[in-house]
Amino acid sequence: MTYQEALETLEKCRYCLMCRHADPLSHVSFNEALTPHGIALTIYSEHKGLLSWNEDSLRTVFSETDAGVARSHCATDQPFSEAVSAVKSELLSQGKMPETVARLKERLEQTPSFFGDAEFKSALEQNDYALFISDEMQYLWPESVNAVNTLIKALTLSPAEITRGKSSGFLALSLGFMEQAKKQAKQLMTELEAVKAKELIVLSQTDLYTCRHVYAERLGLSFPEEVKVTSLLALLTQAYKNGKLSFKPSADTRPYAYIDPSQALRVKDFDSPRHLLGAILPGNQVELFWRKERTHPTGSGSTWFSNPELAEKLTRARLEDAQKQGAEVIYCEDSADLSQLNRYAADYGLELKGLYELLADHLG
Amino acid sequence: MRTGLVPDMIYSELEEIVGAAYISNSESEKLVYSTDWFWLPQMWLDRGEQLRPPDYIVRPGTSEEIAEILKIANSYKIPVIPWGGGSGSQGGAVPIFGGIMLDVKRLNKVLEIDERSLTVTAQAGINGTQLEWAVNEKNLTLPHYPASANCATLGGYLAPRGSGTISTKYGKAEDLVLSMQVVLPNGEIIRTPKVPNHAGGPDFYRLFLGSEGTLGVITEATMQLDYLPEVRLFRALLFDDLAKALEAGRLIVTKRLEPTVIRLYDQKSTLSQVKKVLGYAFDGAYMVIGFDGDPDIAALQEQKALSICANLGAQDLGREPGEAWWQHRYDFYYPPKGLHFPWMYGTTESVTTFSNIEKLYYAQKEAVESSYKDWDVDYIGHFSHWFHWGTMVYSRFIIKNPPEDAHEALKLHNRIWNTAVTAALENGGMVNEHHGVGLKLSRFMRRQYGDAWPMLERLKNALDPNGIMNPGKVGFGGVK
Ligand SMILES: Cc1cc2nc3c(=O)[nH]c(=O)nc-3n(C[C@H](O)[C@H](O)[C@H](O)COP(=O)(O)OP(=O)(O)OC[C@H]3O[C@@H](n4cnc5c(N)ncnc54)[C@H](O)[C@@H]3O)c2cc1C
Ligand code: SF4
């Protein structure tokens, strides 16, 4: 989407307030300027000469992660996420960005991931299945890596690993670094082609959304149509339902909640994780108020880089919700979300556990 | 314009109350808070003109903090503008004289759901849909469904006396409130009696309904709930004559068939709006009727209503177009199907008795269409909130090519409003039915109330002697 096309969408959002009820940023900041309407009005007002770009107005725009919630709840299906990305990208190309993002830019130019720079050499041998272990899992919640391998083995699969420890490009995209996002995406796709996989297994809803939609629809790349992208959770659920996989029930009777990951609304597979949790921990699941269709991000995405205070508020809001609903343990499979929740979970007396670890530990 | 130390003094005093995280005077935030959903200020920005922004935006977390803020405002004699969701269409939350923008959205808690009495007590800054989600968890509903529920707040429902889609059966927001907590302009915090239907003196709580932030800040409200209905039935009808359709509506409500909805579009609306949003090309007056609750009772009520309509010559279009309307009822208001710039438009809704409604509608239509012919004005209307004694007409004027110059556009806009409101007042109607007064209709208040207006002014002066509360709105003047 070009800047000009973005303005056409923002022209509509500027005069619309219809995703406010679901909007996470204003829900935790109570700030009108951080609603899609407010962000659109800010951008539009600069365009009309009523505001200038400065640290404050830039921060408003860059605080928006990728507007997945607004996009999903939009009354008229406006591509608000795409519009905000396009504006960020235009601003970056003019060298306009808040200080927090400027610091990131430098880092991104030096390393391929925000989180680490270890080199994992993939064998890239031909295989019907490919597996993508992202930089987020590798660096932010590494304990999931072994669990994932155990679970994959239980499915009797031995996929070829591709771009291990690298980013899918989503984070760069959501900050407006389009070229970096494309570079990361192409690397993943090149390795995918090299192994000639028919199915790519991904470990987070973000990666599922990125491979299924972002590459083609937002980065203009042609993701190989013949490759099916599947989440490990969906594969496990299917195997469990077919009786090919079983889990031992846990003796833990404490009330627990599942935290829908930040990008859950992009994919809307709300059932798989709940189904699997129910197999191990039947009966004591509580639901958050901000769940499923109205789930909120945990603050793990680009907001953590562009506006850490706001990210912290998002995280705390999820934890408060869990505490209020009476949960003592919380589960999630997304590594970035886990690492973000982990920063403050103890403040709420909550024990945080990786869903993959739970599943691997209870394989029947 | 305040210069020197004072702005910083005020800022630091406000910051002391709410904390640094909940006060701002940043340029971009001030711009966003400089307009609500009123066409005029939106047009102003659209044409690249500057609006008067608030000087400070504060987000208090308690009634006590609000009380302290009002005391500061009184000592410096600066305006305070309560801001809920900013979705008001009348300019009620526009800070025309600057001052303190009091965003109440941090007061967003559900305090109690009483499942036996069917009431909810919540803080006034809670978002409408979020409140509905909370009561839905108990299989209950707050039967106030405005098209703006996604963006409006509970306080914003009450302060301008809003009305929702199903008001014909369940009443307006004001009919659903049992009691409120209000922070008065001098900082006193009061609670109105726990229930409204008593004989223990005047129901002064009604004073705050319709006060639009000019008499105090609503901080909590106890609202009546209902069970989520077992069924909702909708049906569409087509009348070849608006008068017969209005008579059908009158009979349905006066015979107390308890319709949830009677939405009657005039012929022009049917041809334009209904076609654009729902895709039906009907020639006539399109009416949707709805019934809800117990399946047997709703079915019987529907059957009786259909027979009234049949006797008046209506064509029964069946369920599908009725249900489609319910599904898409809010699409009429959103982009891209709703109204948009650079058009000029306004909703000149009014309410009156059954005896006057046709007269009012045609008088207003004739006045607007004939006076602004040169601007190719469109006047469309529908009748949507029905009472036992009358109904309201939700009419709109639309000009697709208004003057480009913002100042000329403002003049034309205000002239059309003068014409439309005069027609309403001269034909037994009120300045409006549910959008409130705000800035837009402020100048008509004296005329509407006649002899009673000085009493209202005296009340305002007694409660808010410095005139700090939302100055320039609801007919009241500026800060003294
Ligand atoms: C798309 C759309 C559709 C709409 N449909 C409807 C509809 O169906 N029915 C309807 O009635 N209205 C409708 N409106 C108008 C508007 O949404 C309502 O008037 C709404 O109830 C206003 O709520 P708010 O919280 O946004 O109030 P705001 O716009 O923030 O404020 C409105 C007025 O109330 C005052 N106020 C706000 N909160 C408080 C408080 N706590 N204490 C004291 N004063 C306060 C403000 O100062 C202002 O004067 C619509 C608006 C939009 C944008
Ligand atoms: S994303 Fe959709 S609902 Fe939200 S402001 Fe934009 S047009 Fe309105």
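Contact, as used in these legends, means heavy atoms within 4.5 Å. The model is predicted: local features need pLDDT of at least 70, side-chain atom pairs count only at pLDDT 80 or more, and totals for chains, interfaces and linings use all residues. Residues are numbered from 1 along each chain as its sequence is written, chains are lettered from A and ligands numbered from 1 in the order in which they are written, and side-chain values use heavy atoms, with hydrogens and water left out.

View 1. Helix H5(B) spans residues 128-136; helices (H or I, at least four residues) and strands (E, at least two) are DSSP runs, numbered from the N terminus. Of its 9 residues, 8 are buried, where buried means under 20% relative accessible area, exposed over 50% and partly exposed in between (1.4 Å probe, protein chains only). These are Gly128(B), Thr129(B), Gln130(B), Leu131(B), Glu132(B), Trp133(B), Ala134(B) and Val135(B). In chain A, the buried residues of H5(B) pack against helix H2 (24-29). Within chain B, their partners are strands S5 (110-114), S6 (119-123) and S7 (140-141), together with H6. At the start of H5(B), a side-chain oxygen of Asn127(B) comes within 2.9 Å of the backbone nitrogen of Thr129(B).

**View 2. The shell around ligand 1.** Ligand 1 is located between chains A and B. It is surrounded by 33 residues, with Pro82(B), Ser87(B), Ser148(B), Thr153(B) and Ser163(B) the closest; a residue is near a molecule if one of its heavy atoms lies within 4 Å of it. The shell comprises 15 nonpolar, 17 polar and 1 charged residues. In this classification Ala, Val, Leu, Ile, Met, Phe, Trp, Tyr, Cys and Pro count as nonpolar, Asp, Glu, Lys and Arg as charged, and the others, Gly among them, as polar. Strand S3 (80-83), helix H6 (154-158) and S10 of chain B each contribute at least two residues, and H6(B) gives the most, with 3. Because domain 1 (5-104) and domain 2 (110-227) of chain B both give residues to the shell, ligand 1 lies between them; the domain bounds come from an automatic or database domain assignment.

View 3. An oxygen atom of ligand 1 is 2.6 Å from an N or O atom in the side chain of Thr153(B). Gly92(B) places a backbone N or O atom 3.1 Å from an oxygen atom of the ligand. For Ser163(B), a backbone N or O atom lies 2.6 Å from a nitrogen atom of ligand 1. On its own, ligand 1 has 960 Å² of accessible area, of which the protein covers 97%.

**View 4. Surroundings of Glu220(B).** Glu220(B) belongs to strand S10 (residues 217-224) of chain B. It counts as buried because its relative accessibility is 13%. Beyond its neighbours within four places in sequence, the contacts of Glu220(B) include Leu111(B), Thr121(B), Gln123(B), Ser179(B), Met180(B) and Arg191(B).

View 5. Val214(A) is part of helix H12 (residues 205-218) of chain A. With 1% relative accessibility, this residue counts as buried.

Notes:
A polar contact is a pair of N or O atoms within 3.5 Å; within protein, one must be able to donate a hydrogen and the other to accept it, and residues adjacent in sequence count only if both atoms are side-chain atoms. Accessible areas come from the Shrake-Rupley method with a 1.4 Å probe; for residues, only the protein chains shown count as cover.
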